[in-house]
Every structure is written in structure tokens, then in C-alpha cells.
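Work through the exercises below with the model open. Each task is followed by a solution in steps.

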Amino acid sequence: MNPPVVSVIMPAYNHEHYIGQAIESVLQQSFSDFEFIIINDGSTDGTERIILGYDDPRIKYVAQKNQDAFNAINNGISLATGEYTSILNSDDLYHPDRLARLLDEARATEARFLFTGITVIDDHSQPVVDPAHKFLEWYNGLRRLYSQSCSKEQCFFMGNLAVSTSNFFFSVELVQKIGNFRQFRYAHDYDFALRALAECGNLFRFIPDSLLSYRIHGGNTITKSPAAANREVVEILVDNFPLFLQEETDRANFAALRERAILPLLERSEYLDSILDSKSWKATKPLRSLGDVLLKSGKMLPD
């Protein structure tokens with residue numbers, strides 16, 4: 001029997017109210033040559049009961065002790081046999097043609113990492129349309145920045161345009177190049193996207209059409225600890241920036257700048273306080289300012 005073309009990986013944790021819809025959004029895809037690996041990351045609610053209620057030969061179910069989403073995803077990757085990997089968190093939804101569209105684009109362009117536009121939904125799966133909503137304000141601002149012909153590098157240093165691991169579709173060769181998801185509890189998606197962008201260059205593709213419903217609700221991991229999430233983002237920005245520098249002299253200059261200016265900036269109490277006290281968990285001015293500092297530090301990124 002030939003291996004599937006796509007491995008869909010779903011990390012699941014205490015999403016009994018949403019996971020049924022999420023599973024069905026995968027099983028009802030117009031493209032059907034996939035395996036569906038569901039990793040139950042130590043759920044204590046009815047998540048397992050709902051998963052076991054589905055009888056589809058494409059589903060591979062694994063239960064593990066709670067070890068955070070990055071570990072559940074890596075476990076899924078270790079079990080995957082497909083040519084491409086697609087991730088869906090257990091509270092989000094695929095649009096019916098998502099896998100077909102992404103696979104067509106990957107094959108036509110040889111892209112190794114792809115993501116799409118998103119629709120934001122609420123607890124009841126209704127679209128969030130208020131332009132003043134903090135998340136929509138942040139996301140639409142990034143979309144505008146990207147549409148103004150800035151480089152993908154510049155855009156991603158202002159924020160994670162892909163938003164979530166639910167929006168990730170990538171080739172197995174990419175993981176072989178950059179490694180698995182690293183041990184960040186809140187921003188492992190951002191870290192992986194930046195490393196993928198540094199590796200893929202023009203093979204890092206954005207499809208503007210909204211092919212994913214991303215759910216905003218009180219149980220989102222990142223909303224529970226915005227200070228810790230922002231601390232991780234700062235670490236990720238500083239840690240990954242040298243990957244984008246082509247010349248050894250630029251990397252050496254950045255290392256010196258990091259010691260001379262960036263680390264002292266991060267150690268300033270008023271700067272850290274402005275990050276850690278922020279209520280706007282993905283749209284802080286201090287983080288955008290840090291992105292500006294990085295982008296302007298020497299012979300950096302392309303226009």
C-alpha cells in the first residue's frame with residue numbers, strides 16, 4: 001500500500017466543545033489521500049471519548065501524558081508517512097478545499113512551506129467581523145503591510161502572519177533541514193515559521209484566500225499568559241534574526257550589536273514592563289519596536 005500524500009496532525013488538549021467540528025473539517029476535505037494523526041496531549045475532559053467516536057481508517061489515535069503542543073506535534077511528525085505535513089489544532093477548522101488548494105500550489109511552485117489567509121471565528125463558530133477587535137486589528141494590519149510589497153522577512157519580523165500552527169503546510173524535507181518544533185510553550189509556531197522562512201526563501205508561499213477558520217476563545221493557551229508569550233516572542237526574534245544574514249561580517253556585526261544595544265534594551269525595566277504588562281497579546285508596540293531595531297541593524301534584509 002502506498003503511503004498517503006499528506007499527513008494531517010492534530011494536537012488535542014481539553015477541547016471537547018470544539019474537537020468534533022475540527023475532526024469533521026478534516027474528514028470532509030475534497031482531497032482524501034491523507035492520514036490523520038490525532039495526538040491527545042493528556043486531556044482531562046471528554047476529548048478522548050469524542051475522538052474514539054469516529055470510525056475512519058485514516059485516523060491514527062495516540063494518547064500521551066500532557067507535554068505541551070510542541071511535543072504533541074513533534075510526536076505526530078515522528079509518526080507521519082506523508083510527503084507533506086499539515087497541522088490543525090483541535091479548536092480550529094479547515095475549509096473544505098484547503099488541502100487540495102495547498103497541495104496544488106506546492107506541486108505547481110515546489111514550495112516547501114505554505115500558509116493561507118484566515119477567517120476568525122468565536123466560541124460558537126461565528127465569524128468575528130468587528131474591525132476594532134484587537135486580533136483583527138493586528139491581523140489586518142499585517143495583511144496590509146504584506147500587500148504593500150514589503151518582503152516576507154520584513155513582514156514576519158513585525159508579526160506572525162501565518163498566525164498559528166493550524167495554518168502550516170510543509171514538506172517532509174523541510175523538517176529534515178530545520179528540525180522539529182522547539183520547546184516554546186506559546187510561540188513555537190512563530191519560531192518554526194521564522195526558521196522555515198530563513199531556509200525556504202522564495203519557496204515560502206502565502207495564499208491570500210481564507211482557507212482556515214481560526215478560533216478565538218477564552219481557552220486559547222496564549223491568552224492565559226500574555227506576559228510569558230511575549231517574553232518568548234522577544235527571545236525568538238533575537239535568536240532567529242542571524243539566520244537571515246547572508247554575510248559573515250553582518251552576523252559578526254549583529255552579534256556585537258546584540259551585546260552592545262539589544263540585550264541592554266531588553267534588560268531595561270521600563271521596556272520589559274511595557275511588554276509584560278501588555279493586554280494586547282499579539283500587537284504590542286514594544287515588540288514592533290524590537291522588530292524595527294533588528295531590521296535597521298546594518299546590512300540586513302532585502303526590501
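**Exercise 1: one residue in its setting**

Leu 174 lies in helix α7, which spans residues 172-178. The model is a predicted one. Decide whether Leu 174 is buried or exposed, and list what Leu 174 touches beyond residues up to four places away in sequence.

Solution.
Step 1. The relative accessible area of Leu 174 is 0%. Buried means under 20%, so Leu 174 is buried.
Step 2. Leaving out residues up to four places away in sequence, Leu 174 is in contact with Arg 112, Phe 113, Gly 179, Phe 192, Ala 196, Glu 199 and Cys 200.
Step 3. Take Glu 199 from that list. Glu 199 and Leu 174 are 25 residues apart along the chain, and their C-alpha atoms are separated by 8.1 Å.

**Exercise 2: the chain as a whole**

Find how many helices and strands the protein chain has, and what percentage of its residues count as buried.

Solution.
Step 1. The protein chain contains 13 helices and eight strands.
Step 2. It has 303 residues, of which 53% count as buried.
Step 3. For contacts between residues at least 6 apart in sequence, 76% join residues at least 24 apart.

**Exercise 3: where to read with care**

Identify stretches where pLDDT is under 50.

Solution.
Step 1. Mean pLDDT for the protein chain is 84, with 81% of residues at 70 or more.
Step 2. Residues 275-288 stay under 50, and the model has 33 contacts beyond four places in sequence for them.
Step 3. Residues 297-303 are also below 50, with 21 contacts beyond near neighbours in sequence.
Step 4. Where pLDDT is low, predicted coordinates should not be read in detail.

Notes:
Residues are numbered from 1 along each chain as its sequence is written. This is a predicted model: local features need pLDDT of at least 70, side-chain atom pairs count only at pLDDT 80 or more; totals for chains, interfaces and linings use all residues. Side-chain values use heavy atoms; hydrogens and water are left out. Helices (H or I, at least four residues) and strands (E, at least two) are DSSP runs, numbered from the N terminus. Buried means under 20% relative accessible area, exposed over 50%, partly exposed in between (1.4 Å probe, protein chains only). Contact means heavy atoms within 4.5 Å. pLDDT is the predictor's confidence in each residue, from 0 to 100.
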